[in-house]
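Work through these exercises with the sequence and the model side by side. Try each task before you read its solution.

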Amino acid sequence: MPKFNSYLSKKIVLELLSFFGIIGSRKIGTHESGNTLLRLNKKSKLGHRGSKILMPKDNVMYKHVKYFGSWEPEECQYLACALDIMEKSSEKVTLVDVGANCGLTTLQVVNSRKIKPKISKTKYIAVEPFLLHLVALRENLKPIPDSNLTIYPYALTHNHTGKIQLFTETNNYGNSSLLDEVVNRVNRRVEIVETKTIKEFTDLYDLKYTNIVLKIDTQGLDWMLLSEFAKNLSINMKVVMVEVWAISSISISDLENLREFISDFDYRSWTPFDSSRISIAEIFDFWSGKSEKTRNLYLSKFPITRI
């Protein structure tokens with residue numbers, strides 16, 4: 001009971017601080033799509049004070065943005081620094097955000113960069129099939145010039161083009177996956193979404209002619225998608241941030257196909273801005289361990305420091 005009372009008291013305090021404009025953001029309405037509209041109470045990586053953010057209401061991402069005004073800012077800073085380093089080297093560069101959700105990662109990357117969107121030549125591709133998220137990210141990513149932004153409204157797969165079920169946990173809209181097994185069956189919604197293969201995707205946008213910073217957050221499809229990206233764009237990928245899921249259904253043989261690809265990256269770590277290099281064995285021990293745990297893996301072909 002004391003722990004519950006402590007949690008309840010903390011929640012009440014956070015709600016009051018949010019409502020009175022002291023922390024995070026404040027709910028100001030509901031969008032016709034069903035998304036919730038928040039207004040930032042203070043400047044953050046999501047935008048200036050007063051900026052509006054559209055997102056589904058849940059107990060995870062929504063509450064974090066409401067109380068703290070950001071979402072995984074350290075990870076976004078890492079990607080932002082990578083893009084700045086590459087663009088300053090006169091490289092043609094594209095950020096591919098697979099599992100873009102409502103666009104918070106891409107938006108914070110843009111806002112964290114030293115090179116601002118009006119003068120940047122970086123291209124951004126947000127891949128997201130879930131309709132509620134699509135509506136939100138189209139609004140949230142308006143700071144990016146249209147000429148530099150592409151929204152790809154399909155789920156990526158390694159071999160399937162057509163329609164497929166997408167499972168989304170309603171208590172945590174960030175947990176949205178093509179895999180039935182990783183989404184709680186008690187509180188979830190199921191939608192039919194369109195799919196494209198990674199080869200179709202890479203051919204459509206001529207990604208073989210640009211350097212790529214790749215972010216993958218697809219709730220259990222990480223090994224499959226990264227393996228396909230490696231087949232098509234191994235040379236082009238300079239930086240990868242992937243949320244690794246050690247799920248029980250993982251294909252060990254397909255995972256092994258990634259060994260050579262990952263060994264091409266000089267910098268490998270479990271945390272951003274970490275100059276140490278973890279071993280290939282450590283990576284694959286975790287990934288193939290079927291522990292049902294998750295963690296972010298950071299791969300880079302050059303050192304990434306804060307700039």
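Two strands pair if DSSP finds at least two bridges between them. Helices (H or I, at least four residues) and strands (E, at least two) are DSSP runs, numbered from the N terminus. The model is predicted: local features need pLDDT of at least 70, side-chain atom pairs count only at pLDDT 80 or more, and totals for chains, interfaces and linings use all residues. Residues are numbered from 1 along each chain as its sequence is written, and side-chain values use heavy atoms, with hydrogens and water left out.

**Exercise 1.** Find the bridge partner of Ser25 in S2.

Solution. Start with the strands. S1 covers residues 25–30 and S2 covers residues 36–40. They run antiparallel, joined by 5 bridges. Now look across from Ser25: its partner in S2 is Leu40. Then follow the chain between the strands. S1 and S2 form a hairpin with 5 residues between them. In the turn, Gly34 has a positive phi of about 105°.

**Exercise 2.** In what order do the 3 strands lie in the open sheet?

Solution. The order is S1-S2-S3, with antiparallel pairing. S1 and S3 (52–55) are the edge strands, each pairing on one side only. Next, check S2 against S3: 4 bridges join them.

**Exercise 3.** Is Leu16 buried, partly exposed or exposed?

Solution. Next, apply the cut-offs: buried means under 20% relative accessible area, exposed over 50%, partly exposed in between (1.4 Å probe, protein chains only). Leu16 has 44% relative accessibility, so it counts as partly exposed.
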